[in-house]
Amino acid sequence: MLANNTIASIVKHNPKPSTMRKKKVAILGATGSIGTQALDVIRENPHLFEVSVLTAQNNVELLVSQSLEFSPKMVVIGNKEKYSTLKSGLSGKDITVAQGNEALNDAVTLSEIDIVLTALVGYAGLKPTIAAIKAKKDIALANKETLVVAGNLVMQLAKENQVHIHPVDSEHSAIYQCLLGEEQNPIEKIILTASGGPFRGKDKKILKDATKEQALKHPNWDMGAKITIDSASLMNKGLEVIEAKWLFDLKPEQIDVIVHPQSIIHSMVQFEDGSIKAQMGLPDMKLPIVFALGYPSRVPTSFERFDFSNYPSLTFEKPDTETFSNLKLAFETLKAGGNLPCALNAANEVAVQRFLNDEIKFLQIAQLNEKCLELIDFVKNPVLEDYIRTDEKIRKKAAEINL
Ligand code: NDP
Ligand code: MG
């Protein structure tokens, strides 16, 4: 199995944090939910981590203040209209300042960088992740969309360049942690847990009129808007199924999803003897972030610890894939393969944005996704250009379709 071989190849030694060489980190999407939590982790562990690169799309004020605090080598703002504010905010500092999304591809190749945290949202993560892998930088991967769009290509490049991809998504980090010490043992299946989101247990009659305010209220996690809506529609779990396929070299039949509303078990691996290993803890993204950045060491943390007596029951239920059809759609596209997951991702990014703009209703997100998949020119073995073309075409269609 690729996953176990991958882990076997990188578990060579396990230096204690005190002896660990300081790692230089590039954070793409530093101003977002994952980016700011990663900076919290770095702020608490200045002996272990140092910031090399920070990037954002629009939030130039926060990017300036982060840069003044962490003194990176290079800072990039995606929105060119914000460049002059960034430049003046950092004038007199020994920091290279750049603009535009193409600059991300250069920023990730700086020679000093050890690891690139991809904490930007959506398809925009694909090209810089590829650039970082080609520059032989390890990846702490939060941006799941990159693997959904082009998982085969990205994993192949990582293998060729001997780059390690450490998952940040809590479920995938859980699986990764369960696999440590199991290098020789094939996975029978994995069980991805899902909180069920704010609409768990609701049917289509109720969800017909679901508002964005309701959808943006996640019960357990405080995340960016896109992933929060994806969690409400179960598309997030669908994207995670596809992400898991590529990270751990699994067949779709080896991936189960179970709703676990307390979000304490972050996911599980079942081995061929029937034994199941789970990774648990209170829901706090700083744990998978520090695990990915600190790998192979476990970095001591002061996060609140899980107390069993506060959780007398951990519960589990089947996901409702009739109401939340995005999950079913994700499994179908995964089974069909080729450029279908890329098309699903593009349709969904536009659908979520249209929902947030009050152009479509909540249940129409899945309807729009399904309609877009009917419009795809199927490519069985896509290369990068096919993914780019598919993304462009489906994005355009998804913006035009009237439901
Ligand atoms: P946020 O929306 O909070 O942050 C996104 C970050 O990316 C911001 O820094 C934003 O800049 C920047 N950004 C937005 N659009 C672009 C673009 N087109 N090009 C370059 N940069 C851009 O997202 P999250 O932190 O919630 O999520 C980030 C990624 O991590 C997503 O792929 C998500 O699925 C994944 N993830 C997140 C989890 C979470 O708990 N939040 C959990 C597991 C995975 P600006 O602020 O200037 O707009
Ligand atoms: Mg997750």
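Trainee: Leaving aside neighbours within four places in sequence, which residues is S71 in contact with?

Mentor: S71 is in contact with V51 and I95. Contact here means heavy atoms within 4.5 Å. Before we go on, this is a predicted model: local features need pLDDT of at least 70, side-chain atom pairs count only at pLDDT 80 or more, and totals for chains, interfaces and linings use all residues. Residues are numbered from 1 along each chain as its sequence is written, chains are lettered from A and ligands numbered from 1 in the order in which they are written, and side-chain values use heavy atoms, with hydrogens and water left out.

Trainee: Noted. Where does S71 lie, and is it buried or exposed?

Mentor: S71 lies in the loop between helix 3 (60-70) and strand 3 (74-77). Helices (H or I, at least four residues) and strands (E, at least two) are DSSP runs, numbered from the N terminus. S71 counts as exposed because its relative accessibility is 52%. The cut-offs are under 20% relative accessible area for buried, over 50% for exposed and partly exposed in between, with a 1.4 Å probe and protein chains only.

Trainee: What separates the C-alpha atoms of S71 and I95?

Mentor: They are separated by 7.1 Å, with the two residues 24 apart along the chain. There's also K80, in the loop between strand 3 and helix 4 (83-89). The C-alpha atoms of K80 and G100 are separated by 5.7 Å, and those residues are 20 apart along the chain. Not counting residues up to four places away, K80 touches Q99, G100 and E102.

Trainee: Switching to the metal: which residues are the protein donors of the magnesium ion (ligand 2)?

Mentor: D169 (OD), E171 (OE) and E240 (OE), lying 2.1 to 2.2 Å from the ion. Donors are N, O and S atoms within 2.8 Å of the metal (3.2 Å for Na, K and Ca); water is not among the atoms, so sites may look incomplete.

Trainee: How are the donor residues spaced in sequence?

Mentor: The spacing is D-x1-E-x68-E. E171 sits in helix 8 (residues 170-179) and E240 in helix 12 (residues 235-248), so that pair links distant parts of the chain, 69 residues apart. Both E171 and E240 are buried.

Trainee: Since helix 12 came up, how do the axes of helix 12 and helix 14 cross?

Mentor: The axes of helix 12 and helix 14 (residues 325-336) come within 7 Å and cross at roughly 25 degrees. That makes helix 12 roughly parallel to helix 14. Axes are lines fitted to C-alpha atoms, for helices over the stretch in contact, and angles run from 0 to 180 degrees between N-to-C directions. Angles under 35 degrees count as roughly parallel, over 145 as roughly antiparallel, 65 to 115 as roughly perpendicular and the rest as oblique.

Trainee: Which residues meet there?

Mentor: From helix 12, M235, K237, G238, V241, I242 and K245 meet N326, L327, A330, F331, T333 and L334 of helix 14. By class, that contact has seven nonpolar, three polar and two charged residues. For the classes, Ala, Val, Leu, Ile, Met, Phe, Trp, Tyr, Cys and Pro count as nonpolar, Asp, Glu, Lys and Arg as charged, and the others, Gly among them, as polar.

Trainee: And what about helix 11 and helix 15, how do their axes cross?

Mentor: The axes of helix 11 (residues 225-233) and helix 15 come within 10 Å and cross at roughly 95 degrees. Helix 11 is therefore roughly perpendicular to helix 15. A225, K226, I229 and D230 of helix 11 make the contact with N348, E349, V352, F355 and L356 of helix 15. The classes there are five nonpolar, one polar and three charged residues.

Trainee: Why does R354 count as buried?

Mentor: Because its relative accessibility is 8%. R354 lies in helix 15 (residues 340-356). Leaving aside neighbours within four places in sequence, its contacts include E359, I360, L368 and A398.

Trainee: Last topic, backbone. Which peptide bond is cis, with omega near 10 degrees?

Mentor: The one from Y295 to P296. P296 lies in the loop between helix 13 (286-294) and helix 14. Helix 13 is mostly covered, with eight of its nine residues buried.

Trainee: What is phi of K136 near?

Mentor: Near 65 degrees, a positive value in a residue other than glycine. K136 is exposed because its relative accessibility is 53%. S263 also isn't a glycine and has a positive phi of about 50 degrees, but S263 is buried, with a relative accessible area of 6%.
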